[in-house]
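Subject: Structure handover

Hello,

Please find the structure below. My notes on it follow.

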Amino acid sequence: QVQRDLNVAVAEFTELKQQLERDTLVLSILKKLQEFDTAIKEYNTALLEKKYVAAAQQLEKARSSLNMLESRKGFELKILKALGTELTVQTQNMLYHLGEEWQKLAVWKLPPSKESSSLESAMHSELHLRTVPSKEEEIAGPPVASVLQAFAVLGELHAKLKIFGQLLLKYVLKPLISYPSLQPFTEEQSDVFILRFKSEEPNLDHFSPMEVFDKIKLIFEVLHKYLLNVPLEQPAEDKKECRLTLAELLGDMIWEELSDCLIQNCLVNSIPTNSSKLEQYIEVIKSTEEFEKALKNMQFLKGDTTDLLKYARNVNSHFANKKCQDVIVAARNLMTSEIHNTVKITPDSSVTLPRLPDPGAGDHLKMQKTSKLLPNDMVNLENETKLSQYTFSLPTCRISSSVEKLMELAYQTLLEATASTDQCCIQLFYSVRNIFQLFYDVVPTYHKENLQKLPQLAAIHHNNCMYIAHHLLTLGHQFRYRLTNILCDGAATFVDLVPGFRRLGMECFLAQMRVQKGEILERLSSARNFSNMDDEENYCAANKAIRQVLHQLKRLGKVWQDVLPVNIYCKAMGTLLNTALTEVVTRIAALEDISAEDADRLYSLCRTMVEEGPQVFTPLPEDDKNKKYQEEVPVYVQKWMTFKELMIILQANLQEIVDQWADGKGPLAAEFSAAEVKSLIRALFQNTERRAAALAKIK
């Protein structure tokens with residue numbers, strides 16, 4: 001019996017407990033519904049009174065209650081969907097009202113979108129900030145704070161501020177940085193503050209960073225005073241965190257882009273191009289520090305050092321980078337300029353430079369002291385004959401004026417390196433090396449066609465390369481003891497570049513020589529092998545070929561005159577004339593039959609070469625000075641005497657030829673082999689006993 005009663009009691013208790021839980025749940029649901037209803041009513045009241053923060057908070061309470069109701073599993077009410085719709089409608093209504101208020105607080109007057117990036121459009125941009133609330137709003141507190149805090153409560157502030165920040169960057173901050181002449185000016189009326197722009201003539205092409213910072217600071221001060229000095233009321237859950245201000249939020253959004261713009265369009269241009277101006281740059285660094293400090297005081301910036309200040313403080317590195325870039329750009333412009341504008345270089349020529357201290361200045365004193373220690377009767381073993389002061393000088397020639405300027409640029413850059421910091425010094429030194437490596441790669445490619453076609457340019461390029469190589473021999477040594485210690489241990493040298501430059505000049509000139517040789521041989525190929533000269537047509541063809549070759553050599557002699565060094569000129573002209581003479585000798589020596597008339601006409605052609613050939617040697621503009629080189633033709637033309645001996649054979653009788661041979665010891669034997677002389681005798685003379693006797697003596 002007792003057991004049965006106990007079971008009944010337990011069942012009743014369980015049922016009552018479940019009923020109590022259901023009732024408690026219903027009560028909590030009703031309570032949340034009541035809270036939702038109250039919140040919506042209070043929201044409506046607050047919205048009518050334009051208490052935007054309170055209204056936004058009530059909406060959030062209603063949202064919280066609804067979220068709680070929706071989270072109850074197994075308990076679904078059809079009313080929740082309707083409540084959700086109501087909440088969405090009221091939220092949008094609230095955002096609409098806030099949007100209307102926001103548009104009254106900050107009014108943009110912008111130019112048509114087509115002109116968005118010009119100075120004109122920047123001058124037509126205006127920003128109006130409302131300063132005094134209208135009378136019905138005075139009770140509700142400052143309109144700016146309430147509107148923005150309400151946006152923050154609803155979670156919509158970030159989007160609104162982002163749009164504002166982008167407009168601020170595009171129409172105010174970036175134009176102020178980009179256009180030196182643009183100046184902001186302010187106008188304060190009874191209930192509105194207006195920010196406008198006007199254009200003034202700038203002092204410089206790009207003004208100092210200090211002026212830019214002052215303009216940007218003015219803009220931020222205005223915004224801070226009238227719009228952004230508002231603490232954002234955080235939702236209750238975030239009370240542990242510090243209270244943000246609107247200024248800080250905007251700063252986070254736009255600072256990175258603003259900072260990049262200031263660096264690229266302002267600080268980059270202010271980096272000095274001369275190491276002597278680096279000390280003055282301290283003012284820019286101080287100005288940057290003050291600018292950042294002012295922004296931090298207005299809470300636009302947080303406490304860390306930003307990229308802007310890091311960039312300004314790292315001026316030495318930027319100076320080196322900018323200087324190196326400028327040097328390479330200047331060098332490349334010189335390399336791509338015309339080669340044919342030349343200047344004359346003489347052994348007395350030197351690069352225009354401030355006087356450098358002599359690296360071995362102490363040696364002379366040491367020598368004097370040592371000599372005093374020598375006994376009076378000590379014999380001086382020094383050779384009395386002295387080398388000329390010009391022994392190691394570059395011979396007189398013409399080089400491109402651009403190459404002379406390039407060399408001056410290299411010297412000036414190295415001179416600047418001596419007065420720079422260690423890091424900058426190393427960068428500048430390697431920039432100078434880069435100049436020469438760039439020349440090696442750029443000039444032969446950029447001027448390739450002209451160097452192949454124009455003999456004069458090939459000669460000038462040859463001189464340019466030799467001039468650079470000549471300076472590179474001593475360039476490193478001249479600065480060795482004035483550069484940073486890292487470079488003093490032998491790294492500061494350019495000698496390794498010398499063979500490459502010499503090879504570059506020689507290869508270009510030799511390629512041109514091959515072209516000229518080819519043309520000479522092509523012209524002589526039209527001489528019909530110098531055979532059958534008794535035929536008038538054949539004689540005219542041979543005579544024309546000889547005349548063309550002489551004309552080509554004279555033209556070359558003129559274009560290389562006063563350009564190539566005299567010794568190179570004479571070697572080059574001698575080689576080309578030698579090519580022509582060798583070809584004529586080979587062709588005539590190969591003839592099997594030469595009649596008396598043929599011989600006379602061949603002699604006439606050869607005499608033309610001998611008489612006019614030396615006249616192509618005109619290395620100097622003054623004719624009287626050229627006679628010396630014209631008389632020295634046999635020195636430069638290897639086959640000159642061979643050619644003269646051929647002329648003698650063409651006019652000689654058998655006995656004279658035998659006498660010239662002189663048993664293999666005469667002048668003829670020095671120039672021709674026995675087989676060649678026999679071949680010529682057979683071609684010139686008929687088969688007689690006298691010829692047979694003469695041939696027998698040629699061995």
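A residue counts as buried when its relative accessible area is under 20%, as exposed when that area is over 50%, and as partly exposed in between. Please keep in mind that this is a predicted model.

Glu 612 is a case where that cut-off matters: its relative accessibility is 17%, so Glu 612 counts as buried. The side chain of Glu 612 forms a salt bridge with Arg 547, with 2.7 Å between the closest N and O atoms. This pair links distant parts of the chain, since Glu 612 sits in helix α21 (residues 596–612) and Arg 547 in helix α19, 65 residues apart.

Asp 562 is found in the loop between α19 and α20 (566–589). With a relative accessible area of 15%, Asp 562 is buried. The backbone at Asp 562 deserves a look too: phi is near 65°, a positive value in a residue other than glycine. For context, most residues other than glycine have a negative phi.

Arg 528 has a positive phi as well, of about 55°, and is not a glycine. Arg 528 lies in the loop between α18 and α19. At 39% relative accessibility, Arg 528 counts as partly exposed. The side chain of Arg 528 meets that of Glu 537 in a salt bridge, at 3.4 Å from N to O. Glu 537 is exposed, because its relative accessible area is 53%.

The loop between α18 (498–524) and α19 (536–559) also holds Asp 535. Its relative accessibility of 37% makes Asp 535 partly exposed. Asp 535 belongs to a patch of negative charge on the surface, where it gathers with Asp 534, Glu 597 and Asp 600.

A search of the whole structure finds 14 salt bridges. One of the other pairs is Lys 453 with Glu 449, whose closest N and O atoms are 2.9 Å apart. Lys 453 and Glu 449 are 4 residues apart in helix α15 (residues 448–453), so about one helical turn separates them. Lys 453 has a relative accessibility of 57% and therefore counts as exposed.

Finally, the strands. β1 (residues 106–109) and β2 (residues 126–130) pair in the antiparallel sense, over 4 bridges. Within that pairing, Lys 109 has Glu 126 of β2 as its bridge partner.

Regards

Technical notes:
Residues numbered from 1 in each chain as written. Predicted model: local features only at pLDDT ≥ 70, side-chain atom pairs only at ≥ 80, totals over all residues. Heavy atoms only, no water. Patch = residues over 30% accessible without salt bridge, like charges linked within 9 Å, V, L, I, M, F, W, Y side chains within 5 Å. Areas by Shrake-Rupley, 256 points an atom, 1.4 Å probe, with all protein chains shown as cover. Salt bridge = Lys/Arg side-chain N within 4 Å of Asp/Glu carboxyl O. Lys, Arg positive; Asp, Glu negative; His and termini not counted. Charge placed at Lys NZ, Arg CZ, Asp CG, Glu CD. Helix = DSSP H or I, 4+ residues; strand = E, 2+ residues; numbered from the N terminus. Buried < 20%, exposed > 50% of the residue type's maximum accessible area, 1.4 Å probe, protein only. Pairing = 2+ DSSP bridges.
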